[in-house]
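Open the model in your viewer and keep the selection panel at hand. Here is a short tour, one stop at a time.

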Amino acid sequence: MLDRLGDKWTTLVLLVLAGGPRRFSALGRAVPDISKRMLTQTLRELERDGFVTRHVFPTKPPSVEYRLDALGHSMLEPLAALVAWAERNHAAVAAARTRYAASEAAGHGP
């Protein structure tokens, strides 16, 4: 479960769908750098796990829309807390990485 929720693409797709239902192409445009293959895989896994529902409309060609299910909506609050933590601590993590890189370059490994 933590592997699924810790996945970069899962988090981004859930955050995009928090704004409302989206078609596949709109999701692809909203999630930077995701390939069609990875978006398809991520959506299938989210649907399998009950976070997302897939709605097919009988148009030609068929139109498909994805939206958060109840479980997906229940994930938004803890996900928002995690995103807020990351934003608050981004500078501290960047500083730690800089210190670590300087230590490695000076030959003082961990």
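Predicted model: local features only at pLDDT ≥ 70, side-chain atom pairs only at ≥ 80, totals over all residues.

**Stop 1: around threonine 10**

Threonine 10 sits in helix H2. Display Arg4, Leu5, Thr42 and Leu46: threonine 10 is in contact with these residues, once neighbours within four places in sequence are set aside.

**Stop 2: H2 against H4**

Now select H2, residues 8–17, and helix H4, residues 36–48. Their axes come within 10 Å and cross at roughly 75°. Angles of 65 to 115 degrees count as roughly perpendicular, and H2 and H4 therefore stand roughly perpendicular to each other. Show the side chains where they meet. From H2 come Trp9, Thr10, Val13 and Leu14; from H4 come Met38, Leu39, Thr42, Leu43 and Leu46. Which classes of residue make up this contact? There are 7 nonpolar and 2 polar residues, and no charged ones.

**Stop 3: leucine 14**

Stay on H2 and pick leucine 14, one of the residues that meet H4. Beyond residues up to four places away in sequence, leucine 14 touches Leu46, Phe51, Leu68, Met75, Leu76 and Leu79.

**Stop 4**

**Stop 5**

Switch to a cartoon view and find the strands. How many strands form the open sheet, and in what order? There are 3, in the order S1-S3-S2, with antiparallel pairing. Strands S1 (22–23) and S2 (52–57) are at the edges; each has a single partner strand, so one side of each lacks a neighbour in the sheet.

Select S3, residues 63–68. Of its 6 residues, 5 are buried, so S3 is largely enclosed by the rest of the structure.

Look at the S1 side. S1 and S3 run antiparallel and are joined by 2 bridges. Arginine 22 stands opposite tyrosine 66 in S3. Arginine 23 has glutamate 65 of S3 as its bridge partner.

Move to the S2 side. Here 6 bridges join S2 and S3, again in the antiparallel sense. Pick valine 56: its bridge partner in S3 is valine 64. S2 and S3 form a hairpin, with 5 residues between them.

While side chains are on display, recall a general point. In a regular strand, side chains alternate between the two faces of the sheet.

Bring H2 back into view. H2 lies across S1, S2 and S3, and runs at about 95° to S3.

**Stop 4: along H5**

Finish on proline 78, in helix H5. Is proline 78 buried, exposed or partly exposed? Its relative accessible area is 42%, which makes proline 78 partly exposed.

Conventions: Residues numbered from 1 in each chain as written. Heavy atoms only, no water. Pairing = 2+ DSSP bridges. Helix = DSSP H or I, 4+ residues; strand = E, 2+ residues; numbered from the N terminus. Contact = heavy atoms within 4.5 Å. Axes fitted to C-alpha atoms, helices over the stretch in contact; angles between N-to-C directions. Buried < 20%, exposed > 50% of the residue type's maximum accessible area, 1.4 Å probe, protein only. Parallel < 35°, antiparallel > 145°, perpendicular 65-115°, else oblique. Nonpolar A, V, L, I, M, F, W, Y, C, P; charged D, E, K, R; others polar.
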